[in-house]
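Me: I have just opened this structure and would like to learn how to read it. Could you take me through it one feature at a time?

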Amino acid sequence: ATSDEVRAAALQYVRKISGSARPSQANEEAFNIAMESVTAATQQLLDSLVTAAAPRDRDVELSKARERNRVRFSQVS
């Protein structure tokens, strides 16, 4: 995940938990602090994960999915 994706996920999480897509002026600081904390925790988690697998390329995965769908939906029963 890119840093932009991590930040977007943190924003989505904080919005979901707070029940507010846009905090009031009184809650804006708490909202921003929570978002930064979630972003940092998420990035720390991702940086700590260990795997032997090569990183996935989104464009390659998208091409594979399109090919699977082409094969799947072009078969007529």
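**Reading the helices and their contacts**

Reply: Let's start with L49, which sits in the loop between α2 (28–48) and α3 (58–74). Helices here are DSSP runs (H or I, at least four residues; strands are E, at least two), numbered from the N terminus. This is a predicted model, in which local features need pLDDT of at least 70 and side-chain atom pairs count only at pLDDT 80 or more, while totals for chains, interfaces and linings use all residues. Residues are numbered from 1 along each chain as its sequence is written, and side-chain values use heavy atoms, with hydrogens and water left out.

Me: Is L49 buried or exposed?

Reply: Buried means under 20% relative accessible area, exposed means over 50%, and partly exposed is in between (1.4 Å probe, protein chains only). L49 has a relative accessible area of 55%, so L49 is exposed.

Me: How many residues does α2 have, and what is its reach?

Reply: The expected span of a helix is 1.5 Å times one less than its number of residues. α2 has 21 residues and reaches 30 Å from first C-alpha to last, close to the 30 Å expected at 1.5 Å a residue.

Me: Which residues of α2 are buried?

Reply: In α2 the buried residues are F31, M35, V38 and T39. They lie on the same side of α2 because they cover an arc of only 105 degrees around the axis, the arc being that of the directions from the helix axis to the C-beta atoms. The cover over these buried residues includes α1 (3–18), where contact means heavy atoms within 4.5 Å. On the face turned away from the buried side, α2 carries the exposed residues E29, A30, I33, Q44, D47 and S48.

Me: How far apart are Y13 and T39?

Reply: Y13 belongs to helix α1. Y13 and T39 are 26 residues apart in sequence, and their C-alpha atoms are 9.8 Å apart in space. Y13 counts as partly exposed, at 46% relative accessibility.

Me: How many salt bridges does a search of the whole structure find?

Reply: Side chains of opposite charge can pair when their charged atoms come close. The cut-off for a salt bridge is a side-chain nitrogen of Lys or Arg within 4 Å of a carboxyl oxygen of Asp or Glu. The search finds four. One of them pairs E5 with R58, with the closest N and O atoms 2.8 Å apart. E5 lies in helix α1 and R58 in helix α3, so this pair ties together parts 53 residues apart in sequence. E5 is partly exposed at 30% relative accessibility, whereas R58 is exposed at 55%.

Me: Where do E67 and R70 lie?

Reply: Both are in helix α3, three residues apart, about one turn of the helix. E67 and R70 form a salt bridge with closest N and O atoms 2.6 Å apart.
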